[in-house]
Amino acid sequence: MPFPSQFASFETMKLCIAEKPSVAKDIARIIGATTRHDGFWEGNGYWVSWTFGHLCTLKEPADYSPDWKSWDLNVLPMIPENFGIKLIPNSGVQRQFDSIARLVEQCDEVINCGDAGQEGELIQRWVLAKAKNKKPIKRLWISSLTEEAIKEGFANLKDGKDYDNLYAAGTARAVGDWLLGMNATRLYTLKFGAYKQVFSVGRVQTPTLAIIVDRQEEIDNFVSETYYEIKTTYRDVLFSSTKGKVKTKEKGEDLLSRIKEEDFEVISHIQKEGKEVPPMLFDLTSTQVECNKKFGFTAEETLNYVQFLYEQKLVTYPRVDTAYLPNDVYPKIKGILGKLNAYKNLTEPLLGKKIKKSKKVFNDKKVTDHHAIIPTGEDPSRVALNLQQKKVYDMLTRRFIAVFHPDCKVSNTIVTGQVTKHEFRATGKQILEPGWRMVYESKKETLKAEEDTIMPTFEKREKGPHSPELHEKQTKALSYFTEASLLRAMESAGKHVDDDELRELMKENGIGRPSTRANIIEKLFSRKYLIRQKKRILATATGQELISLIENDLLKSAELTGVWEKKIRDIERGKYDVKLFKGELTKMVKELTEQVKSQGYQQKKTACPKCEIGHLIRGKSSWGCSNWKKGCKFTLPYEYKGITINDSEMLELIHNGITRYSYIFNKKKADDLKKIVFSDKLKLEIKKEAK
Ligand SMILES: [Zn+2]
């Protein structure tokens, strides 16, 4: 083919490799590589090529040893001495790789233009390793894809070596996932799986499943208790007893009768001014959480929308776990705000004066390579956004505007009263100056949650009749996980943290990377370990069974997984050695293998085919579902048209949909043998003759 020789007019040729064709096209245009060839752009001394995400992957077990091809308990654990990579077997990947490899051979310098993150670094380095690159590497490291950012990035290219630790961390993650995933999946499947069932076990995926299973067990075992509360209404304001719960109805009624006839007396009326600071900027997880709460988007959907906004240059790099901006972004804020034309009424009050610089927004210590997700100021009307993408853009932009508005001023009121010696209290809040809340004023949903009750003025010592009531209440179980609460639980390694700033500190030990959490959750759904019920996430019987089989904490403790994540982060910072990491993991995989091999066999539970959450339990004349209390009516009889259905036949029907043997249903036609099938309607039927 006619290849690079035609560009001899340039003294040196630089090869840029982007992560996606669309990004390559943008970069090519900006740096003047305007001629399109098969697999790359060229011009102005540059070639610009691209990958499609990962072109390479870690080798599979069989690539290391023929003994590891078939699944066999005796050859476990599989621990390759040196890990290797290979191309993903696909003709398109092969072709693109071939053109990159040829360009690598011919160029003088490589510019790594992969996404500026761990995964992006890994994608590029693997391709360059596979192409046996020996040319010097530069790194384009940018936080948004606007023309300005790309130009600035090219003017300040980094040395590729500066990112060696990032690459080491990416490798450690991939190798760790391989060692645990490959070995544990084969171990549990070989030891406990039945009927071609595969128990998929993963380093992050399984502790995530365990978080859900544990919560579900807690809810299932919860016994609700009845309690009572005394409230009273005085001058149209509802007051609650400060003594809290009353355990029995008798006690409550007794108290009620004692205070009914007495006057309510106000003993104090306190009004205090307070401030409410704006919420923090968004990182990826909080974007996913908020979108799930507000719009019901899944974590994966939100990631796709925000990634699209990034690729359309509308927002900055989204796969981030920081909610702060570095100080050097501060001078650019006014420019960005000024360009948000659709939000003029919200930005105008800010533009006339000095922009607020709060520590809750700007903090160099909380920012490493990237910063919080903010709009770039590019005009969104030039891009065709769908409704969902518009919602995400609006949410990110409003938050960005809100953090530069003043605090919201409120007045908190506490009124205390008494009837005989029994004390009651009512609280109210009134917004005096909305401050940042004006950004949300047109949006009802954000204000709805706030108690903006305006109280009448009460005088101390005023008295009057009141109407007390006894309220019957039930203690409530914890709620099931939603994607929003699950993302939060992953972020804090299973602990519940409400405070924004405390959450920032916990992030170090969270499980999974923000950018991969959506993918992990989706995997659990696609493997049928989880199912969705509206916003709720529930573990299926198979998911519950898998967790019950796993005795080793390495595979299901969110905290322990968080510790491993911390080590990977430390590798990224050059504070932890990859070899040490691999050594520790190898040792744990060996121990795990020994332990599972000797683990006692538990009776396998069969998932209910109807609800998929319960498992089958024995009833009087049929199997039923363990989830019957919650409304699953599935049954499978022990006898069908005179044929007894034993355990193994039940399993055949549930798993294969048909019995292995045929039976005589009509005694007059003893040679007419027919099988029983388990129909789509979840009923037993006699298999019809094939025509
Ligand atoms: Zn069921």
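**Reading a predicted model**

Colleague: Where in the chain is Q288 found?

Modeller: Q288 belongs to helix 9, which covers residues 284-295. To see its surroundings, skip the neighbours within four places in sequence; Q288 is then in contact with A299, T302, L303, L487 and A518. Take L303 from that list: 15 residues separate Q288 and L303 along the chain, while their C-alpha atoms are 7.2 Å apart.

Colleague: Let me try another residue. Is E685 buried or partly exposed?

Modeller: Count the neighbours again. E685 has 15 C-beta neighbours inside 10 Å, so E685 counts as partly exposed; the cut-off for buried is 20 or more. E685 sits in strand 28, residues 684-686. Setting aside neighbours within four places in sequence, E685 is in contact with V677 and S679.

Colleague: What can I check on a single helix?

Modeller: Try its length. Helix 4, residues 118-130, has 13 residues and should span 18 Å at 1.5 Å a residue; the C-alpha atoms at its ends are 18 Å apart, which agrees. Then ask about burial: 10 of the 13 residues of helix 4 are buried, so the helix is largely enclosed by the rest of the structure. Among the buried ones are L122, I123, W126 and V127, and also E121 and R125. Just after helix 4, K132 takes a positive phi of about 55 degrees.

Colleague: And how do I describe two helices that pack together?

Modeller: Two packed helices are described by the angle between their axes and the distance between those axes. Here, helix 10 (residues 299-311) packs with helix 13 (residues 387-402) at an angle of about 75 degrees, and the axes are 9 Å apart. That angle makes helix 10 roughly perpendicular to helix 13.

Colleague: Which residues of helix 10 and helix 13 meet?

Modeller: From helix 10 come T302, Y305, V306, F308 and L309, and they meet Q388, Q389, V392 and Y393 of helix 13. By class, the residues of this contact are 6 nonpolar, 3 polar and no charged.

Colleague: Last one: how is the chain divided into domains?

Modeller: The domain assignment gives domain 1 (5-156), domain 2 (172-221 + 479-598), domain 3 (230-278 + 408-474), domain 4 (284-402) and domain 5 (616-688). Look at one pair: the C-alpha centres of domain 3 and domain 4 lie 38 Å apart, and 6 residues of domain 3 are in contact with 6 residues of domain 4. On the domain 3 side, the touching residues are 5 nonpolar, no polar and 1 charged.

Definitions and conventions:
Residues numbered from 1 in each chain as written. Predicted model: local features only at pLDDT ≥ 70, side-chain atom pairs only at ≥ 80, totals over all residues. Helix = DSSP H or I, 4+ residues; strand = E, 2+ residues; numbered from the N terminus. Expected span 1.5 Å × (residues − 1). Buried ≥ 20, exposed ≤ 12 C-beta atoms within 10 Å, placed from the backbone. Contact = placed C-beta atoms within 7 Å. Axes fitted to C-alpha atoms, helices over the stretch in contact; angles between N-to-C directions. Parallel < 35°, antiparallel > 145°, perpendicular 65-115°, else oblique. Nonpolar A, V, L, I, M, F, W, Y, C, P; charged D, E, K, R; others polar. Domains from an automatic or database assignment.
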